[in-house]
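Hi there,

Here is the structure I promised to pass on. My notes on the ligand site follow below it.

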Amino acid sequence: MNAPAQELPLFYQPSGNEVTLFGEAAAQGMPVLIKGPTGCGKTRFVQHMAQRLGRPLYTVACHDDLSAADLVGRHLIGSDGTWWQDGPLTRAVREGGICYLDEVVEARQDTVVVLHPLADDRRELFIERTGESLVAPPGFMLVVSYNPGYQNLLKGMKPSTRQRFVALRFDYPAAEVEAGIIAREANVDMELAQRLAQLGVALRRLGRQELEEVCSTRLLVLTARLIHAGLAPREACRAGLAEPLSDDEGTVAALMDLVDVHFA
Ligand SMILES: Nc1ncnc2c1ncn2[C@@H]1O[C@H](COP(=O)(O)OP(=O)(O)OP(=O)(O)O)[C@@H](O)[C@H]1O
Ligand SMILES: [Mg+2]
């Protein structure tokens with residue numbers, strides 16, 4: 001769960017029309033689905049938009065044990081007897097905030113179906129345990145995200161769930177844009193940021209065949225921060241890029257060869 005909106009929205013560098021699209025979906029109360037690889041800015045984008053729109057944000061990391069009660073709420077037992085505690089979804093509905101379900105494909109179908117009446121024209125949440133029915137105020141918005149690369153064939157969202165959302169596809173930004181993000185996020189100069197962004201391009205070219213998941217913007221930012229903190233670039237690239245990307249020593253060596261080309 002996240003803190004309420006701050007004054008200045010967290011930095012987010014757009015790559016396309018996602019800010020306008022999300023704003024329009026928010027204005028019309030449409031749910032949004034964001035798909036994209038790890039560390040490409042999905043979470044940052046949602047945080048940024050929530051702050052920009054001045055709406056509270058409730059984030060839920062989904063997993064296969066997540067139950068409808070984890071989202072909606074449950075009765076708890078205290079010294080004064082039992083009392084009802086709202087879950088993050090219910091809280092977002094009551095407050096007219098954004099409920100963001102991260103890695104939604106990890107959640108079981110029977111959990112996801114509680115979203116259905118909220119994610120269509122009804123905009124309604126029925127709390128079975130208390131018999132309460134809530135109609136979502138205009139500010140309420142449902143946002144889900146997942147990484148299509150991780151999906152196993154048995155998982156994925158049911159068409160009846162998917163087809164309630166407006167969908168945005170994210171990917172790693174173009175090198176120039178990514179350099180700007182690295183410079184800003186790690187507080188490094190553009191020359192270093194551009195060099196790391198170029199290394200990112202080269203690593204991704206190699207990585208699509210060799211690695212489970214290619215180098216993310218997140219890793220490039222972390223590496224830049226290590227260099228900014230005083231680590232030698234080569235060591236920063238080993239700890240921040242090569243080792244996180246692979247366990248295989250041969251692959252790490254191949255990645256380090258590319259590092260050497262860029263930080264000769
Ligand atoms: N467009 C962007 N603007 C600003 N920062 C960005 C952007 N894209 C990536 N970043 C940086 O990369 C980091 C990782 O991004 P984020 O956590 O949003 O990735 P994600 O897509 O949610 O990944 P995951 O699927 O692993 O949760 C951010 O903390 C930020 O430093
Ligand atoms: Mg995320």
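**Where ligand 1 sits**

In this predicted model, ligand 1 lies between domain 1 (18–169) and domain 2 (175–262), because both give residues to the shell around it; the domain bounds come from an automatic or database assignment. That shell holds 15 residues, each with a heavy atom within 4 Å of the ligand. T38, G39, K42, T43 and E185 are the closest. By class, the shell has 5 nonpolar, 6 polar (Gly counts here) and 4 charged residues.

Helix α2 gives the largest share, 3 residues; helices here are DSSP runs (H or I, at least four residues), numbered from the N terminus.

Now the polar contacts (N or O pairs within 3.5 Å). An oxygen atom of ligand 1 is 2.6 Å from a side-chain N or O atom of E185. Polar backbone atoms also take part: G39 has one 2.7 Å from a ligand oxygen, and C40 has one at 3.2 Å. Taken alone, ligand 1 exposes 630 Å², and the protein buries 87% of that (Shrake-Rupley, 1.4 Å probe).

Some conventions: residues are numbered from 1 along each chain, while chains are lettered from A and ligands numbered from 1, as written. Local features need pLDDT of at least 70, side-chain atom pairs 80 or more, totals use all residues, and side-chain values use heavy atoms, without hydrogens and water.

Best wishes

Terms used. Polar contact = N/O pair within 3.5 Å; in protein donor to acceptor, adjacent residues only side chain to side chain. Helix = DSSP H or I, 4+ residues; strand = E, 2+ residues; numbered from the N terminus.
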